[in-house]
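Below are some notes on this model for your review.

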Amino acid sequence: MNDLDTLVSDAEREFAAAPTPAELENAKARYLGKAGRVTELLKGLAALTPEDKKTRGAAINQTKQRVEALLQARREALAEAELQAQLKAEALDVTLPGRRRGEGGLHPVSLSIERIEAIFGSMGFAVADGPEIETDWFNFTALNTPEDHPARSMHDTFYVEGGNVLRTHTSPMQVRHAVQHVRDHADKIARGERMPEIRVIAPGRTYRVDSDATHSPMFHQCEGLWIGESVSFADLKAVLADFFATFFETTDLQLRFRPSFFPFTEPSAEVDIAFASGPLKGRWLEVGGCGQVHPNVVRNFGLDAEHYIGFAFGLGPDRLTMLRYGVNDLRLFFDGDLRFLSQFRV
Ligand code: DAH
């Protein structure tokens, strides 16, 4: 091996031993730099004869090219290694499932209320909404429940400042809606023309001092009211039978009116249903109250009680939801536990 081959193999070894681009550049300086071995060889040419210069010069130039080629190869190898290391460090597993945005859904009771609105809507009932903080007049007195009436004690309620109450039922919406309806058609009524019937439901939150597995201090009701010139108990039965059959998607269902008392209806009844099949088969389940609207209440609507008659009912959307989905503790609806709620996502 001559001195030039030795130089090339030295360079190859040193370049290979340089672990980083910076160290490779240092190694390069030792060969190709100003005082590098190749440069020194070229300087040595000055002392040679023109003849020797030619051959020696050509040989040194070739050596220089070989060193440069080795350098370039090592540079590329280091760059490639660096890229591989970086790719490895930033490895992306494209088979991992993506991060989804949390999906919400309607509360089961909201689903029921939407259902109730759709069913009664199909029977021509409007949907009304009203205040949860109610006056004593709308919540009690207008509904034939004066101050000293014992029925008030059935509603152990939350009084707020100013003598108002958190409404104990949605029944005040009967009065609010009917009064507005009568006002809207006052001209017609004054002319002795026929007033369009009042047909409305009013779902919403209600409040009572009550708390156990089947009672919550906040719960839902859905009021219904149908007033016209010849609206009868038979109509009430037809409306409710139709409603329950549609709500529970079964015609295998019995309906029962149990005589009861409410100050704002006369006669009054408790509504029970019984399924002919399924887990609740044969059990009578109370699902609401109803009755023919009391003449005193009709008068508070601003109507002639000799001329207008009809019925009202109050349903419990919470109870209906429990029956529909087989939920046995009312409190689950209000705990906000996603393990429970997410099961109703549609
Ligand atoms: N408001 C009653 C309650 O909360 C339920 C009720 C009964 C509503 C009879 C009515 C009705 O409209 O006619 O207990």
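**Notes on the ligand site and fold**

1. A polar backbone atom of F313 is 3.3 Å from an oxygen atom of the ligand, a polar contact in the sense of a pair of N or O atoms within 3.5 Å (within protein, one atom must be able to donate a hydrogen and the other to accept it, and residues adjacent in sequence count only if both atoms are side-chain atoms). A backbone N or O atom of A312 also lies 3.1 Å from a ligand oxygen atom. From Q221 the contribution is a polar side-chain atom, 2.8 Å from an oxygen atom of the ligand. The ligand taken alone exposes 350 Å², of which the protein buries 93%; these accessible areas come from the Shrake-Rupley method with a 1.4 Å probe, and for residues only the protein chains shown count as cover.

2. The model is predicted: local features need pLDDT of at least 70 and side-chain atom pairs count only at pLDDT 80 or more, while totals for chains, interfaces and linings use all residues. Residues are numbered from 1 along each chain as its sequence is written, and side-chain values use heavy atoms, with hydrogens and water left out.

3. The shell around the ligand has 15 residues, of which H169, S171, R208, Q221 and E223 come nearest; a residue belongs here if one of its heavy atoms lies within 4 Å of the molecule. The shell divides into 5 nonpolar, 8 polar and 2 charged residues, where Ala, Val, Leu, Ile, Met, Phe, Trp, Tyr, Cys and Pro count as nonpolar, Asp, Glu, Lys and Arg as charged, and the others, Gly among them, as polar. At least two shell residues come from each of β5 (218-228), β8 (285-293) and β9 (309-315). Helices (H or I, at least four residues) and strands (E, at least two) are DSSP runs numbered from the N terminus.

4. An open sheet of 7 strands runs in the order β1-β4-β5-β9-β8-β7-β6, with mixed pairing; strands pair if DSSP finds at least two bridges between them. β1 (126-127) and β6 (253-262) are at the edges with a single partner strand each, so one side of each has no neighbour in the sheet. β8 and β9 pair in the antiparallel sense over 5 bridges. C290 has F313 in β9 as its bridge partner, and F313 is also the residue of the ligand contact in point 1.

5. The domain assignment, which is automatic or from a database, gives domain 1 (3-89) and domain 2 (108-344). Their centres, taken over C-alpha atoms, are separated by 95 Å.

6. Two backbone features are worth a check. The peptide bond from E266 to P267 is cis, with omega near -5 degrees, and P267 lies in strand β7 (residues 265-275). N144 is not a glycine, yet has a positive phi of about 65 degrees; its place is in the loop between α6 (136-139) and β3 (165-166).
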